[in-house]
Amino acid sequence: MPRNPLVVVSNRLPFRVVRGDDGRTKRIRSPGGLVSALTPVLTTRGGVWVGWPGTAHEAGKRGAAARTHRHQGFRIAEVALSAHDIASYYSGFSNRTVWPLLHYFVGRMEVDPAWWPVYDSVNRRFAEKAAEAAPRRALVWVHDYQLLRVPHHLRACAPHLASALFLHVPFPAAEVFRILPWSRDILHGMLSADYLGFHVESYVQNFLASAQLLLGCDVDPARGVVRYDGRDVHVGAHPISIDVAEAEALAGGVSSAWRTTTDAPIEIIAVDRLDYTKGIVRRLAAVEQVLERQPATARRLRFTQVLVPSRERVPDYSQLKREIDEAVGRVNGRLSMDGWSPIRYLARPVPREDLFAMYRQANVALVTPLRDGMNLVAKEYVASQLDDDGVLILSEMAGAAEELQEALVVNPFNRDAVAGAIQRAVTMPAQERRARMSALRARVRAHDVHAWVTEFIDAATLAVKQARSRVSPALDDVISRVGPWLAQRPQIALLLDYDGTVTPIVDRPDAARLSESARLALDAASRTPGIDVAIVSGRGLDDLRQRVGLSHVTYVGNHGFEIEGPAVRFRHEAADHVSTAMNAAADALRELRIKGALVEPKGPTLAFHYRGVPERDREAAVHRARAVLRRKRLRAVQGKLVIEGRPLVDWHKGHAVLWLLGHRYGTDWPTRVRALFVGDDTTDEDVFRSLRGIGRSICVAPFVPSQNAPSDYRLPDPQSVIALVRWLSAGGFRPAPP
Ligand code: ADQ
């Protein structure tokens, strides 16, 4: 594999910046296998780690805070976040919306519409920072649920960069994921990467099912491929692991020989980050049950709960901490005797040496999360059992359970089952313990975090090569998806916007001419039996008719206020009432004498074009134009660098299209007609929405639109729209005769 430079993008940098007693700041390495696994890769390949240093920067100091510097042989690019960013992006959307949902805690998911735009814009800043810092030909590796929109923004600002995303938490069933109001935006964000990795195969399949259900993508579950926007996005399972050599070295420093002596206490250990997903309160209840009902075991048992605080800014977590404190206090209060307490409770970060000493000395590890992406504690415990002894009790809701099948696998919601597993573990014959633990240890040793990093990067690099050499043009993609749908009805209504859809966007509206080849293609389509062509535009009816100049076509002009074509003639009643106000508004707009602006009266509507206004003056120009329209009691509608003045009634292109279809084919037209609309402007979104579910629509845009566009497909430019029109008149969608 070629060794391209690597850019790691994660919410947190590989170190924390803290202020010492002397008032000076220093860096403390973040714990965890990820940092120790990625550091050597970055050092040898060269590259950058992009992340947030962990402290809020004060407003106005962004430049100073967002620095790039060197660390252990590679570069660090800091993304500065304000206190408001942290509250909305991190504590809000990431930890109170996405985290609970991805862990199936639907009831805990909070929805605050103010958080989403901050999450998206912070993700954009991470992407911009990565694009700016990335060496040429780098692979950008994005991590985790806080950054799911980064691949989208990266493709928009640096389309040449290859990117991959790894999700450290579960990906839930599609029916759960769809509960998130921004589920489609998140999927668009993720699918903009070239490669996607999850811990285990079940998350891969859940993700593929979501792409199919929510975006209508073609997926190949056997190969792990999603066809998205003309590309094959590969998706694979990569179970994360730990630094086994480090774990063995730490565990090797202590002895556990005493563990097997007959009157030694039976040590049970549990180690968690403070989180409701870890099932700590339920676990304590199971331990309590054993203590109460198995007096012979209870006398010898000592249960240690190690708990590292986290997310203290999120209210649920401080509440949970109180619940755990109380539960421990209650059990110890009820069951302690003669200086002996059944539960030892260490609610603080423990040095790695001490943690691994505890693992090594524990007879049993109780790992019972209610839901967990992988769970590294299970693997750390296994790696520490240097004499192949010890029993792992493992929740079936942890990703680790898909790998570590020789553990005692339990449902953490079933207290009797967990208590039963504890009882079984403490009475398990040595032979069975060794058989199980040696198999577990062999598996963890064979696949440590260094292997995980190498395999992920190799899979991503291969996927990038395949995807980039086999990009099928967006048109092929649309044709393969829309063809079978069109073939289901005898009639097609092909509805096309004009500017930016069948002609390229130009500086002055009067310069937008239909090319001869486009005219021929539209003419051929309009004469094809079973195809009905309409041009739907904001332009005045006469202007539109003149520009297209075809007799078999229907013209929907003035945003639907006027319609004319074979066997149809319509004019919205409001059109007549507003002509005086419209003319007066056009005069008033001209009188503003805004340099570069163009006023276009169109009868029942008018357009104020400001494409020619210098950029710095545009905001003021729009403001003044809107004020004029308001005074004349007209509706101001935003288009692409144009403000439209329309009668103050609820009527737009979408309503006009539905009226035309009903008028021509009857109210039950969807049973006989396939309506396909193509448009590019913001005003076309009304048609996208009106046709949603009863017709289909294509948005003309060079990239996947930033937000979740209500259209079904995308084509990059007017040439591909005309190619689609030719394909339709050639009958490409009709099944071949037998
Ligand atoms: P976490 O939810 O943080 O990670 P986990 O995989 O269990 O969960 O890792 C916790 C780490 O913290 C372990 O390395 C453990 O040793 C350490 N730790 C816990 N308590 C400690 C204490 N008191 N003192 C010191 N260290 C302590 C997320 C996902 C997981 C996934 C990982 C990696 O939620 O499912 O396994 O990412 O992808």
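With a relative accessibility of 4%, Cys217 counts as buried. Keep in mind that this is a predicted model. Does Cys217 sit in a disulfide or in none? Cys699 is in no disulfide either, with the sulfur of Cys217 as its nearest. Here is how the two cysteines line up:

| Cysteine | Relative accessibility | State |
|---|---|---|
| Cys217 | 4% | buried |
| Cys699 | 8% | buried |

Now for the overall layout. The protein chain is split into domain 1 (6–80 + 119–237), domain 2 (258–446), domain 3 (490–571 + 651–738) and domain 4 (573–650).

Let's look at how domain 3 and domain 4 meet. Their centres, taken over C-alpha atoms, are 25 Å apart, and each of the two domains puts 21 residues into the contact. About 1,700 Å² is buried between domain 3 and domain 4, with 51% of that coming from carbon and sulfur atoms. On the domain 3 side, Phe561, Arg571 and Trp651 lose the most area to domain 4, together making up 32% of what that side buries.

What about charges and polar groups? The interface of domain 3 and domain 4 has two salt bridges, and twelve residue pairs are in polar contact between these domains. On the side of domain 3 that touches domain 4, five residues are nonpolar, eight are polar and eight are charged. Arg571 turns up again here: its side chain meets that of Asp576 in a salt bridge, at 2.8 Å from N to O.

Conventions:
Residues numbered from 1 in each chain as written. Predicted model: local features only at pLDDT ≥ 70, side-chain atom pairs only at ≥ 80, totals over all residues. Heavy atoms only, no water. Buried < 20%, exposed > 50% of the residue type's maximum accessible area, 1.4 Å probe, protein only. Disulfide = S-S within 2.5 Å. Domains from an automatic or database assignment. Contact = heavy atoms within 4.5 Å. Buried area = accessible area lost by both parts, 1.4 Å probe. Salt bridge = Lys/Arg side-chain N within 4 Å of Asp/Glu carboxyl O. Polar contact = N/O pair within 3.5 Å; in protein donor to acceptor, adjacent residues only side chain to side chain. Nonpolar A, V, L, I, M, F, W, Y, C, P; charged D, E, K, R; others polar.
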